[in-house]
Amino acid sequence: MVADPAEGTRLHPITPWRRAWAPIAGFAVFAAQDFNRTREWITQLTLGWLLVAFAVLLPVAALYGFLSWWVTSYRVTDTELRIRTGLLFRRVAHIRLDRIQAVDITRPMLARVAGVAKLKLDVVGTNSKDELAFLGEAEAVALRAELLARAAGIAPESAPDAGEAPESELVRVAPRMLTVGLLLMGSGWGLLAAILLGPVFLWSVTGSVGAALVMAVPMVGGVWMSTIGRYLNEYDWKVAESPDGLRLDHGLLDREHATVPPGRVQAVRVLQPRLWRSRDWVRVELSVAGGDAGSLLLPVAERAVAAQVLARVLPGVDLAEAAAAATPVSRRARWAVPLWWRGYRHGVTDAVFVTRQGLLCREMTLVPHAKVQSVRRTQGPWMRRLGLADVHVDHGANGATTARLRTAGEASEIVTAQAERSRTGRRTAGPERWLTAPALTAPESAAAGTPPTDAGHAPAAPGHSTPS
């Protein structure tokens with residue numbers, strides 16, 4: 001629906017129903033501040049007064065939602081996306097197109113029923129994401145394609161006709177594999193055992209059912225998030241390659257379409273819980289500049305498949321080579337961290353700085369040399385006594401990885417060598433622009449003989465070790 005051309009395009013007409021909840025939520029917060037008096041008022045109200053209250057509150061909420069929708073619009077210019085919002089206080093967000101690093105489409109369950117979608121924009125230099133909710137599904141896809149085309153430098157007059165970039169599927173995680181992986185992960189079972197033991201023990205000691213419930217409710221939420229909630233979110237996980245970068249589609253109830261921008265990955269974490277080792281399964285997480293920490297690339301996959309997909313994210317990175325390069329710490333480290341010292345390792349390849357930690361759940365972190373922001377050496381009193389030191393490597397996603405418990409002399413050498421590798425890596429790094437990553441179109445993919453596969457069997461193009 002189009003508004004005044006000077007103002008831009010309004011959102012989908014269903015949006016007012018989303019905004020209508022604000023007055024009702026505000027009334028609920030006001031009532032909760034003095035719960036006792038609110039309860040007295042409610043007990044004194046008759047059925048007639050309740051009907052009158054609803055007859056007033058609902059139209060006010062509907063009017064607020066309509067007016068909020070009426071004053072909200074967006075407009076795409078040659079250089080920026082302008083989003084106008086605000087009923088009482090006007091706000092105009094000016095989003096430079098050349099600063100856009102991701103445009104994601106989210107389809108909550110009710111939105112999918114209504115045929116609408118939410119557009120989220122990830123912009124360099126901002127912590128929060130601007131969003132347009134809601135747009136028609138076709139409008140959201142077309143707007144996303146236009147924004148990415150303009151961000152890539154396509155002429156403004158040609159960008160609206162650029163269309164959605166083609167994609168070729170790399171891997172799809174089968175529901176059975178996801179189910180088995182979550183059952184073997186162990187975190188949900190640990191929280192479930194804590195629910196059964198913790199609240200019961202607290203009730204037996206204090207005799208207070210309320211105290212036991214206060215302890216149990218957050219634990220139930222944790223079990224939900226680590227088991228069923230994670231399954232609903234990671235269901236039918238698909239990774240596809242396009243000129244935009246790697247596209248991630250997932251979700252059973254709420255469907256989300258996200259993109260990993262080319263060149264924006266700052267670090268990779270490869271996790272392997274203890275019960276996954278016999279199957280050689282791993283979980284791969286990404287740290288993206290300006291994005292959410294711990295963004296997920298693969299919820300569960302065979303190591304060989306994960307290595308092939310990872311090679312698309314970080315060209316030139318060999319997961320097996322990185323694992324082989326990590327060497328254990330000196331035996332004197334057992335006096336600093338008893339037992340767990342065996343899990344710490346560190347190594348370097350031509351492409352990445354590697355650290356590993358953990359005995360029950362192995363965690364290997366890879367940071368490309370070009371993404372390293374700073375390197376520092378730390379050494380506490382006890383570490384000095386043992387002749388040990390830690391080396392911290394900071395990357396561009398406001399995170400860091402640590403090579404722990406190295407000998408003092410080795411730590412100094414690591415700092416000097418890594419600083420030089422990082423300088424060299426930044427000089428030789430490729431561009432970080434949209435539409436620069438090679439990708440096959442659907443006909444090309446079919447010609448290469450690479451049909452879509454599940455997470456257990458990713459194909460390789462002839463003459464290459466990575467899927468096409």
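The chain holds 15 helices and 21 strands. The model is a predicted one. Of its 468 residues, 43% count as buried. The chain exposes about 24000 Å², and carbon and sulfur atoms supply 61% of that area. Among contacts between residues at least 6 apart in sequence, 55% join residues at least 24 apart.

Two packed helices are described by the angle between their axes and the distance between the axes. Helix 8 covers residues 187-206 and helix 9 covers residues 209-226; they pack at an angle of about 180°, and their axes lie 9 Å apart. Angles over 145 degrees count as roughly antiparallel, and helix 8 and helix 9 are therefore described in that way. On the helix 8 side, the residues in contact include Leu191, Leu192, Ile195, Leu202 and Trp203. On the helix 9 side, they include Met215, Met219, Val220 and Val223. By class, this contact has 15 nonpolar residues, six polar ones and no charged ones.

The next element is a sheet. Strands of a sheet pair through backbone hydrogen bonds, either parallel or antiparallel. Here, seven strands form an open sheet in the order 14-13-12-18-17-16-15, and the pairing is antiparallel. The edges are strand 14 (295-302) and strand 15 (327-328); each has a single partner strand, so one side of each is left without a neighbour in the sheet. Helix 7 (residues 175-185) packs on this sheet and touches strand 12, strand 13 (281-288) and strand 14, with its direction at about 100° to that of strand 14. Helix 11, residues 303-313, lies across strand 12, strand 13, strand 14 and strand 18, and runs at about 145° to strand 14.

Strand 18 can be followed through its pairings within this sheet. Strand 12 (residues 265-273) is joined to strand 18 (residues 361-368) by six bridges, and the two run antiparallel. Within this pairing, Val268 has Leu366 of strand 18 as its bridge partner, and Arg269 stands opposite Thr365. Strand 17, residues 352-357, is also joined to strand 18 by six bridges in an antiparallel arrangement. There, Phe353 has Val367 as its bridge partner. Strand 17 and strand 18 form a hairpin with three residues between them, and Gly358 in the turn has a positive phi of about 100°. How much of strand 18 is buried? Six of its eight residues are, so strand 18 is largely enclosed by the rest of the structure.

Three strands form an open sheet in the order 19-20-21, with antiparallel pairing. Strand 19 (372-378) and strand 21 (399-407) are at the edges with a single partner strand each, so one side of each has no neighbour in the sheet. On average, neighbouring strands of this sheet are turned by 20° against each other, direction ignored. Strand 20, residues 388-395, pairs with strand 21 in the antiparallel sense over seven bridges. Helix 14 (residues 408-428) lies across strand 19, strand 20 and strand 21, and it runs at about 170° to strand 19.

Notes: Residues numbered from 1 in each chain as written. Predicted model: local features only at pLDDT ≥ 70, side-chain atom pairs only at ≥ 80, totals over all residues. Heavy atoms only, no water. Axes fitted to C-alpha atoms, helices over the stretch in contact; angles between N-to-C directions. Helix = DSSP H or I, 4+ residues; strand = E, 2+ residues; numbered from the N terminus. Parallel < 35°, antiparallel > 145°, perpendicular 65-115°, else oblique. Contact = heavy atoms within 4.5 Å. Nonpolar A, V, L, I, M, F, W, Y, C, P; charged D, E, K, R; others polar. Pairing = 2+ DSSP bridges. Buried < 20%, exposed > 50% of the residue type's maximum accessible area, 1.4 Å probe, protein only. Areas by Shrake-Rupley, 256 points an atom, 1.4 Å probe, with all protein chains shown as cover.
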